[in-house]
Amino acid sequence: MTAGCLAVAAAGCGGGAGKAKPADPLALLRQAKAAIDSTTGVHFVLAGSRIPSGAQGVTGGEGDAVRPDAFQGSLTVSGAGLSGTVKVTSVGHVVWAKLPLLPGFHKINPADYGFGDPGQFINADTGLASLLTTPTSAAYDGQARVDGVVLDRVKAQLPGPPVAALLGSADSQAPLAAELGIDPATHQIRSVVLTGPFFSTQQPSTFTLTLSRYGESIHVSAPG
C-alpha cells in the first residue's frame, strides 16, 4: 500500500438517513478529490478482511499522512520476513520501519515487503485522490449515517492499475468495486470500502478505510 494504503469503517453505517435528492456521482468524486488535494494532512485507519492464508503485503494500519510526502504510524504486514504490526515513518520518499528483534528504526524498501511508500498516501497523482479521477462507472447510492454523520454514498468501479499502485494487487489489471462515503457539507471522504484481488486472483479481499482529522498539520521527521 501505500500505505499501504488504507481503516475505518463503513461498517459503522447505521441505516439510511432519509431520502436524499439524487446527486451527480462524478461531481461528488471530483469534489472529494479537491478536498483531499487541498488538505495539509489526514488521519486514516485501514482494515483488511477476507485475507487468504499466506498473503503478503499490508493488511491494515493506522497513521497520519501529511504534505508534501510524510507519514508516521503503524502498518500490519504479512509475509516476506516482516510480519506483525510495525511502526513506520516516511519522509521525502525514504521509508523507515522498526523491525522485529532489532533496536531502533531501519531504512527499508517497502516494495520488498509488498507495499508502497505510505508517505504518498495523499499525493495528488498517485495517492488516494488519484483513484477518484478515472472510475469506469459510478452511481449515487443515497445517504447513510456513519458515526453520527450523514454521508452521500457513491458506488464505483475503479480500474486496477491505480489501485494496485496504492495498495498492491495480485492482478493489477482487474477492476475493483468501491463504496465511498462523502460528507456533503465538506466534500471530504470519510469512508472507503474496496473489494478486489488484492492478495489472490482466486479470492477477493476487502479493504475498509476511514479518514478523519482533515487539515491536521503535524511535523514528521526522520528517525534519529
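Visitor: Welcome me in, please: what is the mean pLDDT of the protein chain?
Guide: Happy to! This is a predicted model, in which local features need pLDDT of at least 70, side-chain atom pairs count only at pLDDT 80 or more, and totals for chains, interfaces and linings use all residues. Residues are numbered from 1 along each chain as its sequence is written, and side-chain values use heavy atoms, with hydrogens and water left out. pLDDT is the predictor's confidence in each residue, from 0 to 100. In the protein chain, 89% of residues reach 70 or more, and the mean is 87.

Visitor: How many bridges join strand β8 to strand β9?
Guide: Strands (E, at least two residues) and helices (H or I, at least four) are DSSP runs, numbered from the N terminus, and two strands pair if DSSP finds at least two bridges between them. Strand β8 covers residues 137-146 and β9 residues 149-158, running antiparallel. Ser-137, for one, has Gln-157 in β9 as its bridge partner. The number of bridges joining β8 to β9 is eight.

Visitor: Which residue in the hairpin of β8 and β9 takes a positive phi?
Guide: Two residues lie between the strands of this hairpin. The phi in question is near 50°, and the residue is Asp-147.

Visitor: Which residue meets Lys-33 in a salt bridge?
Guide: A salt bridge is a side-chain nitrogen of Lys or Arg within 4 Å of a carboxyl oxygen of Asp or Glu. Here the N to O distance is 2.5 Å, and the two residues, four apart in helix α1 (residues 25-38), are separated by about one helical turn. The partner of Lys-33 is Asp-37.

Visitor: Is Asp-64 buried or exposed?
Guide: Asp-64 forms a salt bridge with Arg-213, the closest N and O atoms being 3.8 Å apart. Asp-64 lies in strand β3 and Arg-213 in the segment after β12, so the pair ties together parts that are 149 residues apart in sequence. Buried means under 20% relative accessible area, exposed over 50%, partly exposed in between (1.4 Å probe, protein chains only). With a relative accessible area of 11%, Asp-64 is buried.
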